[in-house]
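Hello,

I am handing over the structure below, followed by notes on what was found in it. Please read them with the model open.

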Amino acid sequence: EALGSVKCLLRTSPNHGGDAPAVVKRFPQAEYWIVDGITLPDGWTTLGVTTKTMSPANLPIEGAELLLVPGLFYTEGVLILPYGEGVLVTVDILQNHNKGACATKHNSYLMGVFMKAGGFQGKGRAGPAMVKSYSQFGKDPMDFLPAFFRILLEKRWSIFISGHGPALVDNAKESVRATLTEQFKVDI
């Protein structure tokens, strides 16, 4: 709100939507957009919200770009917004958690231990649960994710904002590339 009025609420993943009703109520003037293929939770229509569908060809922000994560058993997209040198916005596919620290201003000590043990830490790390979900459905993430990340890293963006962890502003693209190369053991 400090940046201006909220005109659009964008949902690029079906995950983590528990706060969506509260957000919609807080910003009743905003249009609510979801990526085509996301199923809304039961009871959504009782909120009286008109939902618009976004796809790579239909976005509410001029100059934005939507890339769909390939091979998932559900729909998730990443957005590149046309502000400055570009802003990459993700939910689960790429996350940004401090590497090495257990307790941070964003995590309790216990959550930090979980994040470290679960392999979540790194600047622009592919979400471990998402990577694992491929094999749970008989797919190899290596058939999908390295190529997707290479395409993503060719796009124009310099700031990375994830639904998990703080924004990455300095050397974002280089940090994400290094983390993914380490995580997947191939050049990304």
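In these notes, rings of Phe, Tyr and Trp (its six-membered ring) count as a pair if their centres lie within 6.5 Å, and a pair is called stacked when the planes are under 30 degrees apart. Please keep in mind that the model is predicted.

Aromatic pairs

That rule gives five aromatic pairs. One of them joins Phe73 and Phe137, with 4.2 Å centre to centre and 20 degrees between the planes, and it is stacked. The two residues are 64 residues apart and belong to distant parts of the chain. Phe73 sits in the loop between β4 (65-68) and β5, while Phe137 sits in the loop between α3 (128-136) and α4 (145-154). Ring pairs also bring in Tyr74, which forms a cluster with Phe73 and Phe137.

Strands

β5 (residues 77-81) pairs with β6 (residues 87-90) in the antiparallel sense, over three bridges. Within this pairing, Ile80 stands opposite Leu88 of β6. The hairpin of β5 and β6 has five residues between the strands, and Gly84 takes a positive phi near 60 degrees there.

β6 also pairs with β9 (residues 159-162), here in the parallel sense and over four bridges. Thr90 has Ser162 in β9 as its bridge partner.

Regards

Key. Residues numbered from 1 in each chain as written. Predicted model: local features only at pLDDT ≥ 70, side-chain atom pairs only at ≥ 80, totals over all residues. Heavy atoms only, no water. Pairing = 2+ DSSP bridges. Phe/Tyr/Trp six-rings, centres within 6.5 Å; stacked < 30°, edge-to-face > 60°.
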